[in-house]
Amino acid sequence: MVICEYLIVAPSTTRELPEDYVARVKQVHESGGFGSRGYNCEWKREEANKNLLRTHTTAVSSRMLYELAKGPFTPKKYYSIDRVFRNEAVDKTHLAEFHQIEGVVCDRGLTLGDLIGVLQEFFSRLGMSELRFKPAYNPYTEPSMEIFSYHAGLEKWVEIGNSGMFRPEMLRPMGLPEDVRVIAWGLSLERPTMILYECDNIRELFGHKVDLKKVKENPLCRIGIESI
Ligand SMILES: N[C@@H](Cc1ccccc1)C(=O)O
């Protein structure tokens, strides 16, 4: 694999895509459907064919939802923790390569309340019960919420994740039933670690600036292990 910035040079394009699904995606982008008005501009196949390093693990979630939609619907939960890559300037709270904790729950009757409840429970079990939710925009979720937690060392609220309910115009072209609701989140791994371990420079946690001596000397992370 040859990489130039975040685009992959070889192989530069995808080899095959499911053509019937591509046609539905193009249609919903250009002219809308399922309650959406669409973007009202051309959806370009050459752009969609380009290979690039994964910018968010929601790419994995979408692929799993597409697979789920192929069969008769059954409620599902999917989780992933994996590396993502962004064309981003690095500073004490930003990395160009970092990790996301992604989760997706699909069932009939799910609401935004379920999403808030899951996130609050998840973070409170890590010892972070003070959260703030901020309305946000994602082209694939509505409503969407960014999640913030207070960093005592930096003396500010820092974003620790993003979340929402997948839009019908994303789910229905896959073939999911109309009444199925999908709540989902993509959380940072490094930012909550900064808060919990009172670290005020994200570069100390991951990347070429990591102090190897610290890695060797620090005990393994055992959050929650005692209570199991
Ligand atoms: N993909 C979003 C996170 C997200 C996941 C799932 C639903 C909504 C948002 C991000 O990288 O910021």
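Does S188 count as buried or exposed, and at what relative accessibility? At 12% relative accessibility, S188 counts as buried, where buried means under 20% relative accessible area, exposed over 50% and partly exposed in between, with a 1.4 Å probe and protein chains only.

## Basis of the model

This is a predicted model, in which local features need pLDDT of at least 70 and side-chain atom pairs count only at pLDDT 80 or more, while totals for chains, interfaces and linings use all residues. Residues are numbered from 1 along each chain as its sequence is written, and side-chain values use heavy atoms, with hydrogens and water left out.

## Overall architecture

The protein contains seven helices and eight strands; these are DSSP runs numbered from the N terminus, helices being H or I of at least four residues and strands E of at least two. Its C-alpha trace spans about 55 × 45 × 30 Å along the principal axes. Of the 228 residues, 34% are buried. Contact means heavy atoms within 4.5 Å; among contacts between residues at least 6 apart in sequence, 61% join residues at least 24 apart.

The accessible surface comes to about 14200 Å², and carbon and sulfur atoms account for 53% of it. Such areas come from the Shrake-Rupley method with a 1.4 Å probe, and for residues only the protein chains shown count as cover.

## The ligand site

There are 14 residues around the ligand, of which H56, T58, R86, Q100 and Y140 come nearest; a residue is near a molecule or strand if one of its heavy atoms lies within 4 Å of it. Several polar contacts are present, each a pair of N or O atoms within 3.5 Å; within protein, one atom must be able to donate a hydrogen and the other to accept it, and residues adjacent in sequence count only if both atoms are side-chain atoms. T58 places a polar side-chain atom 2.7 Å from a nitrogen atom of the ligand.

Taken alone, the ligand exposes 330 Å², and the protein buries 94% of that.

## The setting of S188

S188 is found in strand β8. Leaving aside neighbours within four places in sequence, S188 is in contact with H99, I101, I160 and G161. A polar atom of the S188 side chain also lies 2.8 Å from the backbone nitrogen of R191.
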